[in-house]
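Reader: I've got a structure open and I'd like to learn how to read its surface. Can you walk me through it?

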Amino acid sequence: MRQINRVAVLGAGVMGATIAAHLANAGLEVLLLDIMPKELSGEEETAGLSLESPQVRNRIAANGLAGLLKMKPAPLYLEAYASQIEVGNFDDDLARIKECDWVIEVVIEHLPIKQSLFQKLVPHLAPKTILSTNTSGLSVNAMAEGLPSEVRKNFLVTHFFNPPRYMRLLEIVPCRETDPAVVAGMAEFISRRLGKGIVYAKDTPNFIANRIGVYAIYKGIEHMVEMGMTVEEVDAIAGPATARAKSAAFRTADLVGIDTLIHVGNNSYQLLPDDEEREVFKVPEFMTQMVAKGLLGNKSKAGFYRKEQVDGKRQIFYYDYISGEFKPVEKPKFASITAVKLVDDPAQKIKMVVNGQDKAAEYAWKNLRDTLIYTVNRIPEIADDVVNVDNAMKWGFNWEIGPFEMLDAIGVADFVKRAEAEGIAVPEVLKKVESFYRFNASGQKEFFDLQAGEYRPFPLKPGQINLEILKKSLGVVEKSAGSSVVDLGDGVFGLEFHSKMNTLGGDILAMTHKAIKRAETEGVGLVIGNQGVNFSVGANLMLLAVALAEGAYEDIDMMVRAFQKATMAIKYAKVPVVVAPFNLALGGGCEFGLHAAAINAYAETYMGMVEIGVGLLPAGGGTKEMCLRAAELAIRYDTDVSPFIFKHFKQIAMAQVSMGAAELFDMNYLRAGDSISMDIDRLITDAKQKVLALAVNYRPPRPAENIPAPGRSVAASIKSQLWNLHQGGFVTEYEAEMGRVIASIICGGDVPAGMPISEAYLLQLEREGFLKLCGNKQTAQRIQHMLKTGKPLRN
């Protein structure tokens, strides 16, 4: 494979532009092209421009680029990355694709249009340039027919899911002549540089994820109508309760667009004449009527759901497909769904729900039964193995576990017995397999190959560390209820969290000391990371709530001291400690990272100190650390400390959370020497490599002394602004008081500017401030509200 540095994206619509954005996120140079406009806009006429003016000729692509800066959620990690995207048009700039290593076609889903564009661009392709199409379901072999044989060797489908930055799935579909080395090389590059989860699909309509996902939605509609249920009732069942996306069925339909869902359904019906479930893809009449009314989903602000302001309050309505009218949501309750609300294990949730005794359980069983049977019948039609199918549904439709993992959760034998008792035809292969995944006697993970009829090794990328497999094969060094110490090899140990939501409690704090001691005496360093849903949502608030209810302030003081001792142990370990955060890294999870020798973050890391949301302050060393970092910057640049203090205070006081790891550098949570991994499968591996690199010449730091305090004058400036905000009615007295406490600590207390202070002194200020805020009744109320709703209390 040649090096890929420059990529051309042909088509600057929403999908093309957002693919270009993610390529820029990865540090690639991008050329974004589209057609020329056929007429001037009003602004262009006023400006005296003509159709020959460059800005007019490039307008469509330029608008696609400009639109990236307005999109929510943001397709770019940083707005500055937009500068890596050049714009142009097909008439003037198609010849420039000879400079590109990879060309991605993202024009309208119409075969003749794609083939016409290919004919125009082929003469400009450099030898060995990769040409791919982002089609979501057209035949790759049909597109390849008009291409020269040398181009066909380098031609394939690279199907990004929308939005490309956030959806991990990328389906690769080669044509008959695609060079296998090209497929392997592109899979490796797209995985490593773009962070995509690769699945290998066959040249069949809608490939893997849309084929199964859309079937599940359409079959779910069929069951809904038969059982007389509402869309709201179905969504209460077809979401997290059955290990699927929070958007469930109909919110997902609104998200992708009801017109798009109809298009995929029609496409499936027309192109799958031999599919045993072809009739399922017939579009229900009420959906056709919805589109005729302009009810397209989120893009038209109304679909299966609609939001309105009623008496000054936002109210949500659902679409009643019988009357054709919208009705207020009723938040339906089902015993089987309520029973799994506190269950974290997705496999356990599914098993409990389908074995329930109410209407929701009946619906869940019918929908999953038919979807899973349909999926089993699709191998080898749409993919060669169960792993590709499971990954496609997890990464493309945000299912917590894939279809074959669901069969294992229910129990394959139990599934077959129940389905046959209902008169449902079950694929013969299901009667021959005990489970689709297992660990063999050596602790190696295997999957059942349906075509070969035997178990095969579970595929891992070269060097990938999978903690589940590692623990099964090598065992665990030490373990508590909420954490484990594992041997990552080469003298590097790992501290893994596995508490509920990876909250940090006493057992994890104690295990932190044990893991560091183990690394110091038997190894060269430590990685703190895990492979759960989130790195950590912070400290265990339940323990604090109990202590507050009992007025046990000495216990609270001990909790805070224990947390500070753990973070200081991380910072001053004799070996390098690298933290590997991903997804949510909040509160104490953020503070663990701030005290590490280095951070190796996943690109989608949403990190921040959010304690003020429950009326508290970062007291695990976080407030202290931001005072130190402000002082370090002032000394390094020989300048006033105030701007850095103000910035860090604002981040804490406003509970700012990064919208990606790239933003953490500006927040001063990531610093020089810290890294970002695009591929989450490589996160622990990359963190381990960073430990090994640091260990070669590691010099342990010493506790900070003689830090020039920002002082009471800087704190007074912050407190003055808080007073103004309070007087203006922008913050309550309680919020202003929280701000004043944080300001005093981050400025080093009631001391003159420049007075030498120590790290230990700042930790003491943290503890005192934390206990002071704990004494306020509103703090207890905020903690209780957070525990009950999962959301901070808004005044």
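Reader: Let's start with Val 546. Is this residue buried, partly exposed or exposed?

Author: The general idea is that a residue counts as buried under 20% relative accessible area and exposed over 50%, with partly exposed in between. In this predicted model, Val 546 has a relative accessible area of 40%, so the residue is partly exposed.

Reader: Where does Val 546 lie?

Author: Val 546 lies in helix α23, which covers residues 541–550.

Reader: Now for charge. Which residues form a positive surface patch?

Author: For like charges, the joining distance is within 9 Å. In this case the patch is made of Lys 307, Arg 314, Lys 331, Lys 333, Lys 341 and Lys 791.

Reader: Is Arg 314 buried or exposed, and which strand is Arg 314 found in?

Author: Arg 314 has a relative accessible area of 55%, so this residue is exposed. Its strand is β10, residues 313–320.

Reader: Zooming out, what radius of gyration does the protein have?

Author: The protein has 28 Å, and this agrees with the value near 28 Å that a compact globule of 795 residues would have. Along the principal axes, the C-alpha atoms fill a box of roughly 80 × 75 × 65 Å.

Reader: How many of the residues count as buried, and how many helices and strands are there?

Author: Of the 795 residues, 55% count as buried. The protein has 32 helices and 25 strands.

Note on methods. Residues are numbered from 1 along each chain as its sequence is written. This is a predicted model: local features need pLDDT of at least 70, side-chain atom pairs count only at pLDDT 80 or more; totals for chains, interfaces and linings use all residues. Side-chain values use heavy atoms; hydrogens and water are left out. Patches are made of residues with over 30% relative accessible area and no salt bridge: like charges are joined within 9 Å, nonpolar side chains (Val, Leu, Ile, Met, Phe, Trp, Tyr) within 5 Å. Accessible areas come from the Shrake-Rupley method with a 1.4 Å probe; for residues, only the protein chains shown count as cover. A salt bridge is a side-chain nitrogen of Lys or Arg within 4 Å of a carboxyl oxygen of Asp or Glu. Lys and Arg count as positive and Asp and Glu as negative; His and the chain ends are not counted. The place of a charge is taken as NZ of Lys, CZ of Arg, CG of Asp or CD of Glu. Helices (H or I, at least four residues) and strands (E, at least two) are DSSP runs, numbered from the N terminus. Buried means under 20% relative accessible area, exposed over 50%, partly exposed in between (1.4 Å probe, protein chains only). The radius of gyration is taken over C-alpha atoms; the globule rule is 2.2 Å times the number of residues to the power 0.38.
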